[in-house]
Amino acid sequence: MADMTRGERTVQLFAKVISNPDKKFTVSDLMTSLNVPEGERRNVQRDMRFLSEMDAGRYIAVETEGRTAVYRSALRNAERLVFPDFENTMLHFVFLKRIANIYPATSEIITQLLERIERSLPASEQKSLGQLSSELNTKILFMGTPPDFEEDASEKLRIILRAIHEHRKIDVFYMGASASQRKSTRIPLMIIVYQNEIYVACESEKVKEATYTLKFRRIVQVKLSKEPFVENPKVIDKLRRQVESGAAFMSEQEPHPEDIEIEFDLKVRNYLMENKFNRSMHMRVLRNAKIQVKMKAEVNQLLVNWITSFSTTARVVKPASLQKRLKEYGEYLRSVYG
């Protein structure tokens with residue numbers, strides 16, 4: 001943090017508050033969360049004043065508790081846009097700006113924030129940021145399926161967000177596992193963004209308080225239904241717990257997070273920092289030149305896939321349930337390829 005420019009620090013502060021719509025932050029909270037040194041306190045105070053005054057508090061609101069200023073998200077629908085793996089960096093914002101058509105709920109925020117930050121920066125930083133934005137258009141290549149969706153993606157996501165906000169069902173043509181399109185009526189509750197993919201979290205109409213997700217790119221067509229639905233706070237809370245514990249996909253309905261401890265070889269330190277499993281993950285370097293990772297997470301196939309992506313550089317210390325899952329996976333590989 002200490003080596004970052006004012007623009008990068010401001011974006012990180014903005015993203016931290018917006019990504020946690022249910023929380024209030026003091027300047028000290030933000031500094032601790034983002035590892036900002038004490039010597040930068042005046043700068044953080046200045047940055048937060050700038051953000052809370054932007055568009056008369058449209059994005060970040062400031063309140064006073066006693067003599068302390070506290071900041072919170074002022075976005076009405078922010079609690080419906082969840083970023084489990086959101087990396088708070090200037091590069092990520094510039095990247096989002098490039099593909100903003102698939103993030104219509106945030107594209108205006110991103111554009112306006114960057115414009116205001118650019119105007120407040122010294123000329124040299126303005127030039128650097130401008131160069132970065134223009135170079136991303138031609139220098140970032142996508143291997144496999146690119147993140148830019150079809151031309152009507154923005155409109156489809158706008159309809160879904162409207163349905164969430166107005167508590168109305170949606171009629172969806174969805175591309176299922178058999179590659180056939182099937183029309184159905186869904187109850188959309190939340191948007192989940194995970195590893196540059198968008199998912200629509202829905203409540204089941206057949207099983208009480210059960211949830212499931214639709215991958216956005218598989219939605220062929222979506223229309224706003226005239227049929228309303230009553231939002232169940234218990235289901236919303238469960239979805240939040242699922243996202244926090246890594247249980248939104250490949251898991252049972254009710255998440256059961258466990259204390260996870262894994263040791264990694266030091267050589268994968270940078271990759272670990274760039275590919276955190278969830279927000280509870282903490283890292284520290286041990287004396288034996290290993291990296292200790294601790295977090296709260298659901299023991300499921302998603303976590304197994306994440307660990308095995310590190311190959312022989314990872315060793316699970318606990319829990320035993322995760323060790324068992326990995327052992328079973330190893331036995332399966334041996335039976336197929338041994």
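User: What do buried and exposed stand for here?

Analyst: Buried is under 20% relative accessible area, exposed is over 50%, and partly exposed lies in between, with a 1.4 Å probe and protein chains only. Tyr337 has a relative accessible area of 68%, so Tyr337 is exposed. Ile18 has 16% relative accessibility, so Ile18 counts as buried. Bear in mind that this is a predicted model, where local features need pLDDT of at least 70, side-chain atom pairs count only at pLDDT 80 or more, and totals for chains, interfaces and linings use all residues. Residues are numbered from 1 along each chain as its sequence is written, and side-chain values use heavy atoms, leaving out hydrogens and water.

User: Where do Tyr337 and Ile18 sit?

Analyst: Helices are DSSP runs (H or I, at least four residues), numbered from the N terminus. Tyr337 belongs to helix α11, residues 320-337, and Ile18 to helix α1, residues 6-18. The C-alpha of Ile18 is 8.0 Å from that of Tyr59, 41 residues apart along the chain.

User: How many residues does α8 have, and what span does it reach?

Analyst: The expected span is 1.5 Å times one less than the number of residues. Helix α8 (residues 233-245) has 13 residues and reaches 18 Å from first C-alpha to last, close to the 18 Å expected. Its buried residues include Val235, Ile236 and Leu239.

Key
Helix = DSSP H or I, 4+ residues; strand = E, 2+ residues; numbered from the N terminus.
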